[in-house]
Amino acid sequence: MTCCEGWTSCNGFSLLFLLLLGVVLNAVPLIVNRVEEGEFFQNPISCFEWWFPGIIGAGLMVIPATTVSLMARKRASCNHKSGMLLSSVLNVITIIGAVYCVLVSVQALLKGPLICNSAGNSTFGCEFSLDNISNIYLKPSGLQWYFNESCVPPKDFHYPTLNDTVANAGRRQSLHFRSKEDTYKNIHLSVFLGLLLVGCLEILFGLSQIVIGFLGCLCGVSTRRSRIV
């Protein structure tokens, strides 16, 4: 096995791990929303998990390159020059998907979960469009939504002013909102920070495989394996 074939095989296992991790991370807020609300897209944690950056971008679009790269251990398509060239071409799709994952993740980290928006958990601005992705850097707000002590309070929250009973009810409502808010903020940060890392790593592995694939195409593969194939 040449170094090109060895790296292709290693690259395949790395991409397999990353695509599975991306799918799992993307699924976490969807599952939490389903468990808490009883149905999907009812008061979701954010819009961005529904753009499927991990399931489509870091997941489905990485499968072709991963499959071809893993074949390097099976003495299959990556053990001849055309196979190495094919692995390079398919990794272009991997990079496109990973870039999509990164862009959506950055957008999500800048805007924060829906509970931190003035409209609460409103999905009014959740329509997917390429313009929404391209406007990432126009109004950056950093991670203030996470480090602030509290996001926007719920619209139906009223501070108690009449008696102790109302006051206690108001405090319980405030504590419940704060607990839900902290949970959503932690899930949102963890998921999209993880997806950002997954996307960046997939871009690096994809670029490296493009280079290795072209080198394998130009220099050839091991003689022993060429005879077998």
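**Figure 1. Phe48 as a buried aromatic residue in the predicted model.** In this predicted model, Phe48 has a relative accessibility of 6% and therefore counts as buried, the limit for that class being under 20%. The residue is placed in the loop between α1 (3-37) and α2 (53-57). Phe48 is also named, together with Phe192 and Leu195, among the residues with the most contacts inside the largest nonpolar core.

**Figure 2. The edge-to-face pair of Phe48 and Phe192.** A pair of aromatic rings is described by the distance of the centres and the angle of the planes. A search of the whole structure returns five aromatic pairs, and one of them joins Phe48 to Phe192 in an edge-to-face arrangement, with 6.4 Å centre to centre and 85° between the planes. Because Phe48 belongs to the loop between α1 and α2 while Phe192 belongs to helix α7 (residues 164-219), the pair ties together parts that are 144 residues apart in sequence. Phe192 has a relative accessibility of 1%, so this residue counts as buried. Ring pairs also bring in Trp51, which is linked with Phe48 and Phe192 into a cluster.

**Figure 3. The edge-to-face pair of Trp145 and Tyr146.** Trp145 and Tyr146 form an aromatic pair that is likewise edge-to-face, at 5.8 Å centre to centre and with 80° between the planes. The two partners fall into separate accessibility classes: Trp145, at 7% relative accessibility, counts as buried, whereas Tyr146, with a relative accessible area of 26%, is partly exposed.

Figure 4. In soluble globular proteins, nonpolar side chains tend to be buried together. Here the largest nonpolar core has 31 residues, and those with the most contacts inside it are Phe48, Phe192 and Leu195. The elements that contribute two or more residues to this core are α1, α4 (81-111) and α7, and α7 gives the most, with 10 residues.

Figure 5. When its neighbours within four places in sequence are left aside, Leu195 is in contact with Gly22, Leu25, Asn26, Pro53, Gly54, Cys101 and Ser105.

**Figure 6. A nonpolar patch on the surface.** Phe13, Leu16 and Leu20 form a nonpolar patch on the surface, and together they have about 270 Å² of accessible area.

**Figure 7. The whole protein as the setting for the close-up views.** The protein has eight helices and zero strands, which follow one another along the sequence in the pattern α-α-α-α-α-α-α-α. Of its 229 residues, 43% count as buried, while the protein exposes about 12200 Å², of which carbon and sulfur atoms supply 66%. Among the contacts with a separation of 6 or more, 84% are accounted for by residues 24 or more positions apart.

How values were computed: Residues are numbered from 1 along each chain as its sequence is written. This is a predicted model: local features need pLDDT of at least 70, side-chain atom pairs count only at pLDDT 80 or more; totals for chains, interfaces and linings use all residues. Side-chain values use heavy atoms; hydrogens and water are left out. Rings of Phe, Tyr and Trp (its six-membered ring) pair if their centres lie within 6.5 Å; planes under 30 degrees apart count as stacked, over 60 as edge-to-face and the rest as tilted. Helices (H or I, at least four residues) and strands (E, at least two) are DSSP runs, numbered from the N terminus. Buried means under 20% relative accessible area, exposed over 50%, partly exposed in between (1.4 Å probe, protein chains only). Contact means heavy atoms within 4.5 Å. Accessible areas come from the Shrake-Rupley method with a 1.4 Å probe; for residues, only the protein chains shown count as cover. Patches are made of residues with over 30% relative accessible area and no salt bridge: like charges are joined within 9 Å, nonpolar side chains (Val, Leu, Ile, Met, Phe, Trp, Tyr) within 5 Å. A salt bridge is a side-chain nitrogen of Lys or Arg within 4 Å of a carboxyl oxygen of Asp or Glu. A nonpolar core is a set of buried Ala, Val, Leu, Ile, Met, Phe, Trp, Tyr and Cys residues joined through side-chain atoms within 4.5 Å.
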